[in-house]
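Please study the structure first.

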Amino acid sequence: MNKKLVAALSGGAALVLALTGCGGDDEGNKKLDDWSKKVCDQMQPQVKKIQDANHSIAGVQTEEDSKKVQQTDSAAFQANADAYKALATSVENAGAPPVKDGETSQKNAVKALNDLSGAYIGLKKRIDGLDTGDKAKFGEGLKAIGGDIGKLSGQSDEALKKLQSGDVGKAMAKQPGCKKISASAGPSNK
C-alpha cells in the first residue's frame, strides 16, 4: 500500500545527497573552505533525520494497519519538514558562498529547502486527514501523496545542484560533515 510513497521518498533522499556529495580535492581558498565548514557542520545531523524518517516510512510499506501507516508517515513528514527547515537556516546563516553568483545560488538553495519544508508540512496535513477506516480511499490518498513527493524532488533539485556546483561543491566535499553519505540513505523499495 505504501510502495509508491517509499519510491517517491527515494527521490527526496537523492536531493539531500546532491547537497552532500561532490568529488574533488581542489586546494580551494580559505574563505570558501570556511563557508563550506559552516554549512557542512550543520548538515550531517539534518541529513540523518531525513534518512531516519524515510527509513521509518519504508518500515511500514507492507503494514496493513492504515492507522499505523498514517501515524508513521505523519511523524516522518514532520521530521523531514523540520530537517529541511534547519538545512535552509544553516545555508542562510552561512551567507553567500564567496564565488561568482554565490548570493543568487544561496538564495535559490534557501528557497528550495524552505519550499521542501513547507511541502512536507502540507503532506503531513494531508496524511493526517486521510480516512484510515476505508482502506481503498486511504490507499488512493497515499498514491497521490507519493506522486506529489516525486514532483517536489524535481522542483528543488536544480537550485541545490547549482549551490554545490563548481568550486563550492569541491569545497563542500572536503568537509567531514558533507562527505558523501552511503547509497543506503534512501528507503529501499524491496
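Q: How many salt bridges does the structure hold, and what makes a contact a salt bridge?
A: The structure holds 10 salt bridges. The term requires a side-chain nitrogen of Lys or Arg within 4 Å of a carboxyl oxygen of Asp or Glu. This is a predicted model, in which local features need pLDDT of at least 70 and side-chain atom pairs count only at pLDDT 80 or more, while totals for chains, interfaces and linings use all residues. Residues are numbered from 1 along each chain as its sequence is written, and side-chain values use heavy atoms, with hydrogens and water left out.

Q: Why is the contact between Asp41 and Lys37 called a salt bridge?
A: The closest N and O atoms of Asp41 and Lys37 are 2.9 Å apart, which is within 4 Å, so the pair meets the definition.

Q: How are Asp41 and Lys37 placed in helix α2?
A: The two residues are 4 apart in helix α2 (residues 30–59) and are therefore separated by about one helical turn. Helices here are DSSP runs of H or I with at least four residues, numbered from the N terminus.

Q: What makes Asp41 and Lys37 partly exposed?
A: Buried means under 20% relative accessible area, exposed means over 50%, and partly exposed lies in between (1.4 Å probe, protein chains only). Asp41 has 38% and Lys37 has 42%, so both count as partly exposed.

Q: How do you know that Glu63 and Lys68 form a salt bridge?
A: Their side chains meet at 3.8 Å, N to O, and this distance is within 4 Å, so the term applies. Glu63, at 24% relative accessibility, is partly exposed, and Lys68, at 40%, is likewise partly exposed.

Q: Which parts of the chain does the salt bridge of Arg126 and Asp148 tie together?
A: The closest N and O atoms of Arg126 and Asp148 are 2.3 Å apart. Arg126 lies in helix α4 (residues 102–129) and Asp148 in helix α5 (residues 135–163), so the pair ties together parts that are 22 residues apart in sequence. Arg126 has a relative accessible area of 34% and Asp148 one of 25%, so each is partly exposed.

Q: How do you know that the span of α4 is close to the one expected?
A: The expected span of a helix is 1.5 Å times one less than its number of residues. With 28 residues, α4 is expected to reach 40 Å, and its first and last C-alpha atoms are 41 Å apart. Among the buried residues of α4 are Leu116, Tyr120 and Leu123.

Q: What makes a set of residues a nonpolar core, and which members touch the most others in the largest one?
A: A nonpolar core is a set of buried Ala, Val, Leu, Ile, Met, Phe, Trp, Tyr and Cys residues joined through side-chain atoms within 4.5 Å. The largest has 37 residues, of which Phe77, Tyr120 and Met172 touch the most other members. The elements that give two or more residues to this core are α2, α3 (66–94), α4, α5 and α6 (166–173). Helix α3 gives the most, with 10 residues.

Q: Why is Pro176 called exposed?
A: Pro176, found in the segment after α6, has 63% relative accessibility, so it counts as exposed.
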